[in-house]
Amino acid sequence: MEHEAVIRLSIFLGLFTVLALAEAVLPRRERVSSRVSRWRTNWGMTLLNTFTLRLMAFALPALALGAAADASAQGWGLFNGWNLPAGVEVILAILIFDFAIWFQHLVTHKVPILWRLHRVHHADRDMDVTTAIRFHPIEIALSMLLKIGLVYLIGPSVLAIFLFEVILNSTAMFNHANLRLPLPFDRVVRMVLVTPDMHRVHHSVHRHEHDSNYGFSLSIWDRLFGTYIAQPAEGHDAMDTGLRWQDDRPAKLSWSLVLPFLKNN
């Protein structure tokens with residue numbers, strides 16, 4: 001897909017700017033840590049993740065979008081054996097991949113070695129738009145391998161994967177934002193999409209709460225599989241986010257990168 005990287009980057013930076021400004025005007029919670037140190041670390045991590053994916057591209061030139069083009073050319077995957085209308089195929093592919101990311105997220109909480117990686121994301125003591133880009137490079141690499149495998153299994157179009165990636169990145173930034181939405185609006189939106197208040201429950205220090213609300217885009221999966229919690233027990237203003245045992249070290253890039261190899265849990 002011509003210029004897809006430029007289009008995706010433009011959408012990402014544009015939405016990031018809008019949400020960052022909205023957070024400044026309508027913050028949901030007061031910050032615990034310095035914004036400067038947190039943002040430096042979270043942006044540093046996403047730059048490392050970008051570099052990691054570029055390295056993967058040497059061994060796996062396909063990555064997700066390229067895999068979709070290759071699967072189509074080779075006739076691999078379920079969709080390439082069916083004659084579905086283009087619109088139906090795109091919708092089905094987005095739903096399948098959104099469920100796959102939901103399930104992957106659930107598994108990272110249940111499998112100890114994967115939780116060690118994923119807790120880097122949860123270690124952020126504040127939740128804002130940069131939390132959406134705070135993931136350990138190893139977790140990002142594993143997630144990309146999962147998506148590539150699923151692309152070859154399902155055989156979606158390049159357009160479907162492009163739209164899925166844009167939707168996933170956009171909704172992840174939205175629901176991690178420190179943004180105060182009117183409660184009636186939140187109730188309507190979360191019937192379809194994960195809202196900041198809904199996802200904040202997932203970042204609670206309490207294990208039973210952060211083992212809920214796994215969705216990044218659609219809220220339906222948590223409702224269907226009984227992992228939905230509407231509100232945190234302590235309320236959004238009083239609740240603590242992050243990991244129960246941590247301090248200010250998550251604001252340091254070096255500490256965040258070695259966290260999976262530390263004994264704390």
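Visitor: Is Q104 buried or exposed?
Guide: In this predicted model, Q104 has its place in helix 4, where helices (H or I, at least four residues) and strands (E, at least two) are DSSP runs numbered from the N terminus. Buried means under 20% relative accessible area, exposed over 50% and partly exposed in between, with a 1.4 Å probe and protein chains only. The relative accessible area of Q104 is 17%, so the residue counts as buried.

Visitor: How far apart in space are Q104 and L114, C-alpha to C-alpha?
Guide: Residues are numbered from 1 along each chain as its sequence is written, and side-chain values use heavy atoms, with hydrogens and water left out. As the model is predicted, local features need pLDDT of at least 70 and side-chain atom pairs count only at pLDDT 80 or more, while totals for chains, interfaces and linings use all residues. Q104 and L114 are ten residues apart in sequence, and their C-alpha distance is 9.9 Å.

Visitor: Which residues lie closest to the centre of the largest pocket?
Guide: A pocket is an open set of points on a 1 Å grid over the protein atoms alone, with protein on both sides within 12 Å along at least five of seven lines, whereas a cavity is a set where a 1.4 Å probe fits but cannot get out; lining residues have an atom within 4 Å of a point. Grid points are joined across faces, edges and corners, and a volume is the space filled by probe spheres set on them, which gives the largest pocket about 1,300 Å³. Its lining holds 42 residues, and those closest to the centre are R8, T50, L53, E165 and N169.

Visitor: Which helix gives the most to the lining of the largest pocket?
Guide: By class, this lining has 25 nonpolar, eleven polar and six charged residues, where Ala, Val, Leu, Ile, Met, Phe, Trp, Tyr, Cys and Pro count as nonpolar, Asp, Glu, Lys and Arg as charged, and the others, Gly among them, as polar. At least two lining residues come from each of several helices, including helix 1 (4-25), helix 2 (35-59) and helix 7 (158-176). With eight residues, the helix that gives the most is helix 2.

Visitor: How much space lies in the largest cavity?
Guide: Over the whole structure, the search finds one cavity of 30 Å³ or more. Its lining consists of R29, E30, R31, R125, D126, M127, N178, R200 and T241, which by class makes one nonpolar, two polar and six charged residues. The space in the largest cavity is about 70 Å³.

Visitor: How many aromatic pairs does the structure hold, and why is the pair of F16 and W43 classed as it is?
Guide: Rings of Phe, Tyr and Trp (its six-membered ring) pair if their centres lie within 6.5 Å, and planes under 30 degrees apart count as stacked, over 60 as edge-to-face and the rest as tilted. The structure holds 14 such pairs. The centres of F16 and W43 are 5.1 Å apart and their planes stand at 70°, so this pair is edge-to-face.

Visitor: Which parts of the chain hold F99 and F225?
Guide: The pair formed by F99 and F225 is tilted, with 5.8 Å from centre to centre and 35° between the planes. At relative accessibilities of 29% for F99 and 46% for F225, each counts as partly exposed. The pair ties together parts 126 residues apart in sequence, as F99 lies in helix 4 and F225 in the loop between helix 11 (220-224) and helix 12 (235-238).

Visitor: Over which ring does the charged end of R207 sit?
Guide: A charge sits over a ring if NZ of Lys or CZ of Arg is within 6 Å of the ring centre and within 35 degrees of the ring normal. The charged end of R35 sits over the ring of W39, 5.5 Å from its centre. For R207, at 5.0 Å from the centre, the ring is that of W115.

Visitor: How far apart are the end C-alpha atoms of helix 3?
Guide: The expected span of a helix is 1.5 Å times one less than its number of residues. For the twelve residues of helix 3 this comes to 16 Å, and the end C-alpha atoms agree with it, lying apart by 16 Å.
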